[in-house]
Amino acid sequence: MTQELTIAFIGGGNMATALAAGLIGKRCGAHDVHVIDKNPAVLDRWAQQGVSVAQAPDATLAGRRVWILAVKPQFLKEAVESCRPFLVPDTLVVSVAAGIPARAIGAWLAGPDGRPHTRLIRCMPNTPALIGSGASGLMALDGVTQDDRLVAQQMLGAVGEAVWVQDDAQIDAVTALSGSGPAYVFLFIEALIQGAVRQGLTDDQARTLALATLNGATQLAALSHESLAVLRERVTSKGGTTAAALEVLDARGFAAIVQQAMDAARDRAAELSREFS
Ligand SMILES: NC(=O)C1=CN([C@@H]2O[C@H](COP(=O)(O)OP(=O)(O)OC[C@H]3O[C@@H](n4cnc5c(N)ncnc54)[C@H](O)[C@@H]3O)[C@@H](O)[C@H]2O)C=CC1
Ligand SMILES: O=C(O)[C@@H]1CCC=N1
């Protein structure tokens, strides 16, 4: 465990909960975590885990090595400005907010001399971090040190895969892929279960088989040296059942629909940036 990793979450909702579940006990103790949230009910849940909590920023923030900004994009500016008085030059700020560019956040954290805070990483994690199976994209502003990168890599690596990218546009692409992606997958599983129930399986049977299929196919893809196309072809007998199913998906433009959905997510990230930064 990294002794010196002390963290403050600004916003203690779904994403902070998912990240903390993977971090506490692995990269830090509960006593190393401080959570600021406006909602007392949210704070009660955190306090039960032994972390320190507060409804507003205070001097505790100044002693935290890493701040994780985890409020909704529309509240980010207000939250960041309320924390700014407690920023010290060594603070590594990590934002997980969708859409809001790293430089905008750095500018909101500017000191009295007007210089932006550039020890800042923009990160796009996802909720499977809750069980250590997350996927995160990360990008760094130019003030981020090698040690900061290591700290971020260790934190996000503790909750799943962490991939460094170059710029905000790529973080928006990560948002459309893995940030929002779990929802696409859950929808797909829901559709599989509904389809199986329509054909006569019970809900329990369908759920067990659908989840095992997603899990098995994912594991096979991860462990196999074959391409996804080859693995798909191995399932698809000529003139068989899979070919019949894939013809329908193809005719309805399945791949194009998925890509249009991802474009909508990416475009919404750009809109969030225009609206809230
Ligand atoms: N939920 C997800 O799957 C993912 C979310 N994100 C990003 O994470 C951020 C948080 O999202 P969620 O955790 O889903 O939202 P959430 O609504 O569950 O949590 C946000 C928390 O922030 C608190 N809050 C609002 N204003 C505040 C302020 N000024 N100071 C302190 N706390 C304040 C709210 O009371 C709430 O508990 C968003 O920016 C989102 O784009 C990123 C990746 C995935
Ligand atoms: O839906 C959202 O805006 C957030 C960002 C990625 C996942 N949830």
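Q: How far apart do the C-alpha centres of domain 1 and domain 2 lie?
A: Domain bounds come from an automatic or database domain assignment. In this predicted model, domain 1 covers 7–166 and domain 2 covers 181–273, and their C-alpha centres are 33 Å apart. Contact means heavy atoms within 4.5 Å; eight residues from domain 1 and four residues from domain 2 take part.

Q: What area is buried between domain 1 and domain 2?
A: Buried area is the accessible area (1.4 Å probe) that two parts lose on being put together, summed over both. Here that area is about 410 Å², with 74% given by carbon and sulfur atoms. On the side of domain 1 that touches domain 2, five residues are nonpolar, three are polar and none is charged; Ala, Val, Leu, Ile, Met, Phe, Trp, Tyr, Cys and Pro count as nonpolar, Asp, Glu, Lys and Arg as charged, and the others, Gly among them, as polar.

Q: How many salt bridges are counted between domain 1 and domain 2?
A: A salt bridge is a side-chain nitrogen of Lys or Arg within 4 Å of a carboxyl oxygen of Asp or Glu. The count between the two domains is zero.

Q: Which residues does UniProt list for "binding site"?
A: UniProt annotations may be inferred rather than shown by experiment. The unreviewed entry lists Ile 10, Gly 11, Gly 12, Gly 13, Asn 14, Met 15, Ala 70, Val 71, Lys 72 and Pro 73. They span 64 residues in sequence, yet no two of their C-alpha atoms are more than 14.0 Å apart, so they gather at one spot.

Q: How are residues and atoms treated here?
A: Residues are numbered from 1 along each chain as its sequence is written, and chains are lettered from A and ligands numbered from 1 in the order in which they are written. Local features need pLDDT of at least 70, side-chain atom pairs count only at pLDDT 80 or more, totals for chains, interfaces and linings use all residues, and side-chain values use heavy atoms, leaving out hydrogens and water.
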